[in-house]
Structures are given as C-alpha cells and as structure tokens.
Amino acid sequence: MKKNRVLAVIMAVLMMVTLLPSMVFAAAAPQGALDGKLKIKGTIAVGVTLSADYSKVKPEGITDDYVSFSWSLKDGDLLTEVGTDKTYKVEEKDLGLPIVLKITGKEEMGISGELTVTTQEVSATEEEAKALAQQKKEEAADSESESDETSEQDSTEESPETEISPAADQNTETDESAQSDESTETEESIEETGTDENTSSQEEVSNTEEKQDSSTETSEIIEVGGNQEEKTEQAEELTYSAAASTEDGSGVLNFGSVEEGYTEVPGEQYVTITNNGTGDLNFKEIAPENFMAQDINDQPLKSGESITVWVKPREGLKAGEYKDLITYQTEEGADVFFEADFSVEAGEKDDKADSGKTTEPKENEDKSYKLTVDSEELSFDDLTAGYDNVETRTVTVRNDGTETVTLVQPVSEIFDIAPVSAVESDGNIQLAKGDEQMFTVQPKIGLEAKEDSYTEDLVFVSSDNNASVTVKASVTVKEEPQKIVSVSVSPEKLNFESQEQGYSTAPEAQTVTVENTGTEAVRLVQPTARNYEVGTISAEVINPGDHATFTVQPKTGLAAGSYNGTIQITDKDGSIKDGVSVSFEVTEPAPVYNLSVSPENLEFGNAEEGYKNIPEAQTVTVTNTGNTAITLQQPSGMNYTVSSLSKTELNAGESATFTVQPAGGLSASEYVEDIAVSSSTDVEVSVNAHFTVTEKKTDNTKKENNLTGIKKPSDIKDLPNGTEKTQKALKLPETVTIKTTKGEQKASVTWDVNGCSYNPSSADRQTFNVKGTVKLPDGVKNPDGISTVIAVSVTVNGYSGSKAAASDNKITGIDPDGKYDTNTKITFTAVGAGMDNASPRKGDTRYLPKSWKITEERTWDAAPYTATFRVSKPGNYTLKVTFGQQKYDGTNWKDTGTQSESTVAFAVSQAEILTATPSPAVTQSNKKSAVQTGDSTPVMTFVIVLVVAAVCIGGILVYRRKKK
C-alpha cells in the first residue's frame, strides 16, 4: 500500500512538471496605462491613406486588439469623427482642416488611458503638404532660440529638474528620428506624447513649456486643485516679404537701344511693388549706377498695399550693353529686385572727315573674293496641281570679299529669280565690298504634280568665276485631292418606349448627330417624318469635320400599331442619301369599364307632411370613363320619380342624363335612397337622394331639443392607390353636424366601411359611397323620424406604376480591384433593376439581363443570369452586360425596346507556371506542421521529462510484476 502511494506521488509530480510551460512560461499580456509617442504615417494630402503607428507606445506588445481608434476633423473647437479604423483615407472634404487621431485603451483587455495626435492642415497634393511641413520646420527653427530663452526664464523660478507627466490635454513633441526619416521617405510621421488619465491627476506639475512639431505654439500648464490644465496661445509673428511686377509681366524693363552721344533719354517705365507680408515695410533710398529710379520714403508700405515707381536710363552712357539688377532694400530685410536693360551702340566713323586725306591701298595688300547669302535653303509650301498663285521668298547676296565683283543673274527651269532693285545691262549686278543685293525666288507656274519634290541648286556667281555661292531651293507639287461628299449618322437606330393607345405624353426626344466625313461642305435638307416630330437641324451647312444635330420624338395621339421606318437625311445637291431608322409601337389598351356620376348626391331639403309643392327635379349625368363602349340600364327609384336616360349606348368619353324628383304625398319620414345606374358589364354607379318629410309641428315640440336635419359631410378625394379599407385610412370623419330646434351640435357616426364597394387591390381609379349611421346625443329627440343614415363620396386614385432605374442595374462577383490570373475562373451575376418585383402591377417596369461581352457576345434566354469564364492572355479587359427594359401590362411583362449597358473593368496577369518533379520521397507539402502559437518557450525539455516519467512508470510496473 505504501509503494502505491509513493508511485501516485511520483506520477502527480511528473504531470505537474509537464504543465509548467502553460502556467509558468506563458508570455505575459501587456497591461497598464497608455504612454509614449503616437504617430500618424502618411503625407497629409488628399487621396493619401494615413495609418496609426504605435511602435513607440507603451506598454510594449500593444496590438489592434487592445485599443480603439477615432479619426476626427478639427474645425476650430469642433471635432467631427470621420473614421474608426486603424487607417483613414484623406478625402476632398478634409482640405484645409487638421486631422486628429485618438487611440483609447480597452479596459476589458487591461489597457487604460488614451493618446491623441494632431496633424497639420490637409493639403491638395503631396508636394504641397511636404512644402508646408518644411515651412513649419523653418518657422519653428527661427523661433527656437526665443522659446529656449523663455524656457530658461521659467526654469529659474521653478526647479530645473521637475519632470512633467503627460497631461489630460496631450502635448505634442517633436520626434527627431521621425523628422530625419522624412528626408528619405515619402511618408510623414506626426507624433504625440502619451497620456494616462488614471495617473496624471495624481502628479504635481509646476510649470512647463514644450516645443511642438512644426508650430510656434507654447503650452503653459497650471495646477488647479491638484489637476493640470493646459493653455495654448498662438504667438503672432509678423512676416516681411515683397514682390515686383512690370507692366508686361516679364519682370524686365527693356529700354531698347540708342546711338552713342544720344541727347534724348528713353521714356520712363513703371514697376509695381506689393507688400505680401503681414508687417509694414520701410524702404531705403536707392541710387542705381546706370539708371535713375524713384525712391519710396514717404511712409511705410502697409501689408497688402502696392506702390508704382518709375525707372529710366541715365544720360551720357558710353557704348555698351547695360543689364542692371535694380534692388529696393527695406529696413526689415525684405529686398525686392528686377532687371533693367539698355543698349548704347557705337557711332560710325568717317575716315576722311577725321584725316582729311585719302588712303591709298598698299601694293602688297591681299585681295579676296567671297560671296555669302542670308539663307542657304529655301523651302516652299506644298502646291496642288493646277495652282495659279505661288508664294515668294527672298535671298540676299553679300560681297564679303575685298574686291568689287560683277554678279551674274541666275537662271532656273523650276524657279523664277529676279533682283528686287534695278540692275545694270545684261542682267549683271555690280557689288562693291560689303554691298548686298536682294533677289526674289518663286516656283514657276505650271509645274506638274509628282511624288518627289522639285529640288535645284541656285548658283550666284561672279562674271570672272572668282566667287560663287549656292542656295538650295525645293518645292512639292501634289495631285489635286479627290472630292468626297459623305456624312455619318449617329446613332443609326432610334428605339422609343412603347405607349398604350390614348397616351398624352410622348416618349422623350432623342438627338441625332450628322457629321461631315468628306472633304466638301454639304448643305443639308431639313428632315421630316409623318409620325414623328423632327426638330430643326442645328446647322444647314456643315464643313468637313463639323457636325449638326436634330431631335426626333414620336407624335402624340397615334392609334395602336407599329411605326417603324427611316428618316431620310439628304443634301440639296442630291449627293447624300442616308438616314436613321426609327421604331415606335402603340399597343392596344386593355378594356376598361368604368362609369362616373355627377352629382353624386341629390339634396331635396325638407317639406312638411301634406306638402303640395314637390321639390324641382334635379339632373344627373352618367359618363363612360373607361375605354370601351357600355350599354346602360334604365335606373328607377322607390320614393323618387326617375326619368328615362337620354341615351343608353355610351362610347368611351360619352355621357347620358336623367332627372330625379321626390314623389308626392310621402308621409313624415326621411327618405335616403341610392338610385343605381347599372350596365351590361356589371359596372354600376349610384346617386344618393335625400328628402325629408316632417310632421306638422305643435306647440309641445317647440319646447324640446328635436332633430331637424343632418349636414352631409364633404366628399373625400384623391386618396392614394392601395389605401387600406378602414375608417381611418379612408379619412372618414368621426362626427358630423346635426341641426336641432336649439341649434347645431356634433354627433358621432358609425361607418359601414365593409359594406362599401371599394377594392384596395384594384389598380383602377375608384369612386364609391360609404354609408354611416348617426348616433344622436343625449337630450336630442327625433319626433319627426328623420333618417339618421348618411353617405359620403370617396375617390381613390389609380396606380401609376413603379419605374425601375437603369442606374440600379449592377454586376456582382467580379471586383475591379481584384487579382486575377490566367488560371482563375471568374464567375459573375447580372442583376437587373426591378427583377425582384414578385407582385407586379400594371405599369411597373423592370430590367432583365440580355447579353454579356468581353471579346465575343453571349446571350441569356432565361434565369439564372450567371456566367463563368477564364481569360487565357494577360491584359486589361472590360465586361459589358446589356439589360433590356420590360413593362407589366396587367398580365404579362412586355419588352419596351429600351436597353441599358453596365460595364466593369478588370485586369488579368500571367499565372505562375509550376514544374512538377516526380519523386517517391515525401514532399514538403505532405509534411504535417505544428500549429504556430507564438509561444517561444522551449518545449523539447518538457518532452524529455515526459518521456523519462513514462519510462519510470513503466519500470516500476515491470518491477512489481517480477517481484510477485
């Protein structure tokens, strides 16, 4: 027994040792309050995706599971949250506003506190954002020395070793490492110091001032009741800058050129100087060396103001080129400058005037002969065969030698060459040293067209052949282009949505474009059509490449049938015969049987019993409001006299009349009666007649509150189709007004809604009567037996139909941003707008997928509208799905001829080619891998311990058996 206990203890110890990895060596989860620096990675510009970076946030090991994110736009003191993910894409609406990121620790994960960071204002582009960040760094560097001085002064008052814990309102710190990275990376990092709201209130902070990223703000922390409050004041710094602009906007004042010894100075020119900074500018006096300029010393130039000053050259400048940089300096160091150009040319010298003697050439002086031209090539514009006008070019020949030469007039078979000025005999021209002669050159009239150009060297030579120069001339003569008279019509077909006979609004007009695709202008004839309204063409004459438009719309009132044909497009010369095909269908309407009656109620008033004057007869009109002929049946009444119908056969829209009059000798009572007018099609209307006969009054009844009449409620009209068949939905009044011998008062009424003829499921317009019974109030008696039954007329509008929008057509299953290769099978589904309308009503529309196309068109005959394909070649592709519109006619869905297209673009890459290597050995893919848990504890030691324990247990068992 003792050995068994020892064995059990050994086994228990070994089992506990094997559990040590999970109990002792398990990695500790991060716990505590958020601290450290939070960053935002990404350039603060529209279109860039920013991300939160908490690599420097404590405690270490923080992941997305431990914090929540909040991205907000900061507009003054207003923060508007725009995202709750780790990343945020900057949008156009964010332009000009800073973005604030806040992460909050999840208490349930053991993390508390929060960190925030604020960016600069959002820029339109990444370049602008980087420039703004650089500007803020420079401004921060300029104010750094001043901030340091302020910090030193503050530190003399308090202990210099006091450390400031992160406050509740987080202070931004500059991360030097992040700033240095900005020079090599395209992303920006905005950092923020951490805060722990749970601990910061317990720490005492006297005073501090921190420099913030790319800003000039200073933060002062004041202790109030043991808590820290942060004040931030924006230091206003004045800026000094100015700009100069010339009248022509070039930034240069060009005074031209004059000859040396000039006495008249060129006129003044003006420059406008603008203060672009926020501070006033005080200009110093100016004294350029070669120019005179107006001083600006009357008064300081205010921010945003401009002043215009004059500049002009000085007198007596020597020959030379003067390009001076005129600089206006300010006491604030904001200099502005511009360029002034002026040229003084040297005057010509007269040797004879200077010496009064002639200089004879030396006998040993070298003689030279040289001719030059201003242009060595003359290229003429192309000519068309049959031309009669040619352009003229000029060439100037100059004698650059030392001797006078006689220039021979050139002769050409292709070009006409003539001197501009008169020449000497035989066409020869004397050119002394330095003289010039201009010649005109032009192609001769009548050159024939050919593929290559006419090219010739025109040689200008001296008569003694001592000097010559060559000019290469060329011109091309092309065949006269063929005249083409043609136009293109777009679209070639116009399909209009079908309408039901009796329609009052035609389908929307469509535009046809006629483009001149020929070489000649065409004069179009105004198109016409018998069954269509054709708009006036926008231009009667259209030149090559231009176009004209006109509209086409079916006429209203067309009878049932198909109206297909072609609208001819011709020109007045009869050279063009084209057209656009049109199609439009008017369908037969479904038979509608309906009647209306007017008036719907006849009120004959009251008469005392024994009356002799019967109320006058009233006329009732019955109208066929359907679209099919109806045969009426003669109406009749029990207590009323009804005349014969004026006609019994009523076509659509026609009316018949009859009269109604109370009968004579009726006893005291109230006579409410529905006089029905029925038809052969079971359509019936009725008119409610009301007549009261009262007993002769006695003195006793005059003293009591007796009923004398009931006011008929107003008709209820234009209720929406499908209104529920309830008193509330039909807007029936709960009370009516009754008349008594003591005046008028209200009485409740009970309506027989279920007994009326209203059908809520009908799509047609319905007019019907609802009867009600009036309950007399206490104290009101009805000694005359006046009927308390009343009726009210109610009208419910017809159903107008639900229109499906083509913009709701969509393609699912294929992602424009998806990754597909040549091995991928892509399955997509086309979903038409209104396809899910399981209970259609007359007039509803929907779209059904008809076909799809990538390289070849495929069609669908019925649902499901799904297809699978695979692209064998990499590249960019577009999937196009065509949807057809249908309209419900009350029984079936019918095509209208209207179509809509939806597209989606996608890219396919080349699939990786895998090479199979046959081997009997086990491949890497067949090996079983242990699940990666993230625990780096060495488990091999514990496996060895477990094996040793098992061996020990086995040895003990064997030992016991042998001993037995």
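**Reading contacts, strands and a cavity in a predicted model**

Student: Which residues is Asn769 in contact with, leaving aside its neighbours within four places in sequence?

Tutor: A contact means that heavy atoms lie within 4.5 Å, and by that rule Asn769 is in contact with Glu600, Ser686, Cys756, Val792 and Ser793, once its neighbours within four places in sequence are left aside. Please keep in mind that this is a predicted model, in which local features need pLDDT of at least 70 and side-chain atom pairs count only at pLDDT 80 or more, while totals for chains, interfaces and linings use all residues. Residues are numbered from 1 along each chain as its sequence is written, and side-chain values use heavy atoms, with hydrogens and water left out.

Student: Where does Asn769 lie, and does it count as buried or exposed?

Tutor: Helices (H or I, at least four residues) and strands (E, at least two) are DSSP runs numbered from the N terminus, and Asn769 lies in strand E56, which covers residues 766-775. A residue is buried under 20% relative accessible area, exposed over 50% and partly exposed in between, using a 1.4 Å probe and protein chains only; Asn769 counts as buried because its relative accessibility is 17%.

Student: What does Val774 touch, apart from its neighbours within four places in sequence?

Tutor: Val774 is also found in strand E56, and with those neighbours left aside it is in contact with Ile710, Val736, Ile738, Ala747, Ser748, Val749, Thr788 and Ile790. From C-alpha to C-alpha, Val774 and Thr750 are 6.5 Å apart in space, although 24 residues separate them in sequence. Val774 counts as buried, since its relative accessibility is 5%.

Student: How is Gly605 placed relative to His690?

Tutor: Gly605 is found in strand E44, residues 601-608, and its C-alpha atom is 7.3 Å from that of His690, which is 85 residues away along the chain. Not counting residues up to four places away in sequence, Gly605 touches His690, Phe691 and Thr692. Gly605 has a relative accessible area of 25%, and is therefore partly exposed.

Student: How many cavities does a search of the whole structure find, and which residues lie nearest the centre of the largest cavity?

Tutor: Rolling a probe the size of a water molecule over the atoms shows where empty space is left. On a 1 Å grid over the protein atoms alone, a cavity is a set of points where a 1.4 Å probe fits but cannot get out, and its lining residues have an atom within 4 Å of a point. Grid points are joined across faces, edges and corners, and the volume is the space filled by probe spheres set on the points. The search finds 1 cavity of 30 Å³ or more, and the largest cavity holds about 120 Å³ of space. Of the 13 residues in its lining, Glu603, Asn688, His690, Lys712 and Ile790 lie nearest the centre. Two or more lining residues come from each of the elements E44, E50 (669-677), E51 (685-694) and E57 (789-796).

Student: How is the lining of the largest cavity divided by class?

Tutor: Ala, Val, Leu, Ile, Met, Phe, Trp, Tyr, Cys and Pro count as nonpolar, Asp, Glu, Lys and Arg as charged, and the others, Gly among them, as polar. On that scheme, the lining has 6 nonpolar, 4 polar and 3 charged residues.

Student: How do strands E40 and E41 run relative to each other, parallel or antiparallel?

Tutor: Two strands pair if DSSP finds at least two bridges between them. Strands E40 (residues 565-570) and E41 (residues 577-583) run antiparallel and are joined by 6 bridges, and the partner of Gln568 in E41 is Gly579. The two strands form a hairpin with 6 residues between them, and Gly574 in the turn has a positive phi of about 75°.

Student: Which backbone angles deserve a second look?

Tutor: Most residues other than glycine have a negative phi, and most peptide bonds are trans. Asp682, in the loop between E50 and E51, has a positive phi near 65°, and it counts as exposed because its relative accessibility is 75%. Asp718, placed in strand E53 (residues 716-719), has a positive phi near 55°. A cis peptide bond joins Ser490 and Pro491, with omega about -5°, and Pro491 is found in the loop between strands E31 (487-490) and E32 (493-495). The bond from Ala863 to Pro864 is cis as well, with omega near 0°, and Pro864 is found in the loop between strands E62 (857-859) and E63 (866-869).

Key:
1 Å grid on protein atoms, 1.4 Å probe; cavity = no way out; pocket = protein on both sides within 12 Å on 5 of 7 lines; lining within 4 Å.
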